[in-house]
Amino acid sequence: MTATQASWFSALAPYVERDDLAVELANPFLRPTGERVDSLPSVFVRFPMWRGAPFVDDLGKKTAAMVELDGEHLVPELAILRLLEREGWEWRWIHTTSKGEISMYLTDWRDVSRQDQRSRPIQHDGARALLYAIADRSGNRYGGCWSVFAWRESSYAFFEAKRQSAKDREKLKPAQAAWVRAALSLREQIMSARDFAVVQWEYR
């Protein structure tokens with residue numbers, strides 16, 4: 001399995017330096033089709049660093065964890081989403097509570113306090129139904145939901161952004177792995193393992 005075969009890859013390709021990475025699952029599983037899932041794709045990208053003033057609320061990342069894309073001040077999750085948007089994807093940056101519920105659906109992070117950020121609920125029926133089905137099957141509600149969710153027509157994808165070297169091996173948290181298993185165990189077979197990706201990133 002390679003990331004280059006994924007429906008989302010071409011959107012990120014201009015920034016990708018490594019497309020041969022993988023995240024090994026601690027507990028591989030079989031899909032209803034009998035397919036064994038033991039890893040997920042991962043890519044390594046480089047983003048320009050944001051060198052302007054920090055946000056009022058920088059999510060604890062500090063300026064050194066903010067990136068710039070076409071002059072826009074962004075967190076890495078939103079940089080990924082902006083690239084997907086260029087190729088017709090719709091998306092949300094999903095924030096969840098400690099109780100496993102969604103607190104915000106974001107399309108940007110404005111230079112205002114956290115409570116003043118604007119949540120934009122998903123209007124796409126298929127995307128909403130998929131999120132609900134995965135949450136219902138996972139046993140942990142939305143607690144393991146990956147932070148970046150995108151869709152284009154009948155294609156769906158989840159991403160996690162992690163600042164680290166391409167040499168570092170990423171491990172999923174148990175709740176994140178449970179979310180993958182729930183999504184790939186749905187009877188409708190809407191998604192495949194290629195629809196999940198960890199985006200490892202560093203500055204240019």
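This is a predicted model: local features need pLDDT of at least 70, side-chain atom pairs count only at pLDDT 80 or more; totals for chains, interfaces and linings use all residues.
Start with the open sheet: seven strands, ordered β1-β2-β9-β8-β7-β5-β6, with mixed pairing. β1 and β6 (102–106) sit at the edges, each pairing on one side only. On average, neighbouring strands here are turned by 30 degrees against each other, direction ignored.

β8 and β9 run parallel and are joined by six bridges. Along the way, R163 stands opposite W201 in β9.

Over in α4 (residues 174–184), the buried residues are Q176, W179, V180, A182, A183 and L184. What covers them? The cover includes β1 (16–30), β2 (36–47), α3 (125–138), β8 (155–163) and β9 (196–203).

## Salt bridges

The count comes to 10 salt bridges. One of them links E72 and R82, at 2.9 Å from N to O. E72 lies in strand β4 (residues 72–74) and R82 in helix α2 (residues 76–85), so this pair ties together parts that are 10 residues apart in sequence. E72 is partly exposed at 31% relative accessibility, while R82 is buried at 15%.

D125 and R128 pair up too, with their closest N and O atoms 2.7 Å apart. They are three residues apart in helix α3, so about one helical turn separates them. D125 counts as exposed at 54%, and R128 as partly exposed at 40%.

Then there is D20 with R18, whose closest N and O atoms are 2.7 Å apart. D20 is exposed, at 53% relative accessible area, and R18 is partly exposed at 32%.

Note on methods: Residues are numbered from 1 along each chain as its sequence is written. Side-chain values use heavy atoms; hydrogens and water are left out. Buried means under 20% relative accessible area, exposed over 50%, partly exposed in between (1.4 Å probe, protein chains only). Helices (H or I, at least four residues) and strands (E, at least two) are DSSP runs, numbered from the N terminus. Contact means heavy atoms within 4.5 Å. Two strands pair if DSSP finds at least two bridges between them. Axes are lines fitted to C-alpha atoms, for helices over the stretch in contact, and angles run from 0 to 180 degrees between N-to-C directions. A salt bridge is a side-chain nitrogen of Lys or Arg within 4 Å of a carboxyl oxygen of Asp or Glu.
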